[in-house]
Amino acid sequence: MQPVKNSGNRLADVLLLAVALAMDCLTVSIVSGVTSHDSDGTSQGWLYRMALLFGLFQALMPLLGWLGIVHFQTYIEDYNRWIAFGLLALIGGKMVWESFSPEDEQHFNPRKLTTQLLLAIATSIDALAVGMTFACTGYVVLQHLISPLVVIGLVSFLFSLAGYHLGCRFGRSIAKRMRPELIGGLILIAIGLKNLLA
């Protein structure tokens, strides 16, 4: 097993990895901003909860992958992409279906805790594999993981907040011309397919 790299190179690698992992969080948060219909920008405690959940799960999944490398690697490798695809396809398909219903019957709500949890799990499944690579590249004790996990979680948290505000900023103009729930649902399904076929 190779020792971990020097701290400068390691930090750069972790930052790049954190940005890559946060891309799905960014995209899903943009979708949430476009579809949230938050006109006055008030009462956004749910937004910070969503961003916190995204960051928490992005940090937790590599830890679980690292802990389970010996006993569960085969099972995780076989099914992680299907789990992520299934969750995103379920949420995205529901959004697509509801986009053809009258507006007062549309139920996708990024403010709901259950929706946020499902999205946080779905967007962080890939991070399990990152934990496996940590175990194979010199992160042999838990103390070595603390800094990378904090960076990964923080970047995902910040990207989630930024994505939501981007979605809100451009969401009104999008909503005037097309169904944001339809576009959002298709984007979530596309993310799931990307993970499945990668």
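Close-up 1. Ser156 has a relative accessible area of 0%, so it counts as buried; the cut-offs are under 20% relative accessible area for buried, over 50% for exposed and partly exposed in between, with a 1.4 Å probe and protein chains only. Its place is in helix H6, residues 142-177. Helices here are DSSP runs of H or I with at least four residues, strands are runs of E with at least two, and both are numbered from the N terminus. Setting aside neighbours within four places in sequence, Ser156 is in contact with Ala22, Cys25, Phe54, Gly55 and Gln58, where contact means heavy atoms within 4.5 Å. A word on the source: this is a predicted model, in which local features need pLDDT of at least 70, side-chain atom pairs count only at pLDDT 80 or more, and totals for chains, interfaces and linings use all residues. Residues are numbered from 1 along each chain as its sequence is written, and side-chain values use heavy atoms, with hydrogens and water left out.

**Close-up 2. The whole protein chain, for orientation.** How many helices and strands does the protein chain have? There are seven helices and zero strands, and the order from the N terminus on is α-α-α-α-α-α-α. Of the 198 residues in the protein chain, 44% count as buried. If you count contacts between residues at least 6 apart in sequence, 90% of them join residues at least 24 apart. The protein chain exposes about 10,500 Å², with carbon and sulfur atoms supplying 68% of that area; accessible areas come from the Shrake-Rupley method with a 1.4 Å probe, and for residues only the protein chains shown count as cover.

**Close-up 3. Confidence along the protein chain.** The predictor's confidence in each residue is its pLDDT, on a scale from 0 to 100. For the protein chain the mean pLDDT is 78, and 74% of the residues reach 70 or more. Which helix has the lowest confidence, and which the highest? Helix H3 (residues 69-98) is lowest at a mean of 71, while helix H2 (residues 45-67) is highest at 92. Over residues 1-5 the pLDDT is below 50, and this stretch has 13 contacts in the model beyond near neighbours in sequence.

**Close-up 4. Leu88 in helix H3.** Here we look at Leu88, which is found in helix H3. Leu88 is buried because its relative accessible area is 0%. Not counting residues up to four places away in sequence, Leu88 touches Gly93, Leu119, Ala122, Leu188, Ile189, Ile191, Gly192 and Asn195. Thr123 is 35 residues from Leu88 in sequence, with 8.1 Å between their C-alpha atoms.

**Close-up 5. Helix H4 and Ala122.** Helix H4 has 12 residues (113-124) and, at 1.5 Å a residue, should span 16 Å; its end C-alpha atoms are 16 Å apart, so the two values agree. That expected span is 1.5 Å times one less than the number of residues in the helix. The buried residues of H4 are Thr115, Gln116, Leu119, Ala120, Ala122, Thr123 and Ser124. With a relative accessible area of 1%, Ala122 counts as buried. Apart from neighbours within four places in sequence, Ala122 is in contact with Ala84, Leu87 and Leu88. Between Ala122 and Ile83 the C-alpha distance is 7.4 Å, across 39 residues of sequence.

Close-up 6. Is Leu197 buried or exposed? Leu197 is exposed, because its relative accessible area is 69%; this residue lies in helix H7, residues 180-197. The C-alpha atoms of Leu197 and Arg81 are 8.4 Å apart, though 116 residues separate the two along the chain. Leu186 is also in helix H7, and its 44% relative accessibility makes this residue partly exposed. Leu186 and Ala89 are 97 residues apart in sequence and 8.8 Å apart in space, C-alpha to C-alpha.

Close-up 7. Leu60, Leu64 and Leu67 make a nonpolar surface patch of about 250 Å². Patches are made of residues with over 30% relative accessible area and no salt bridge, joining like charges within 9 Å and nonpolar side chains (Val, Leu, Ile, Met, Phe, Trp, Tyr) within 5 Å. A salt bridge is a side-chain nitrogen of Lys or Arg within 4 Å of a carboxyl oxygen of Asp or Glu. Leu60 is in helix H2 and, at 33% relative accessibility, counts as partly exposed.
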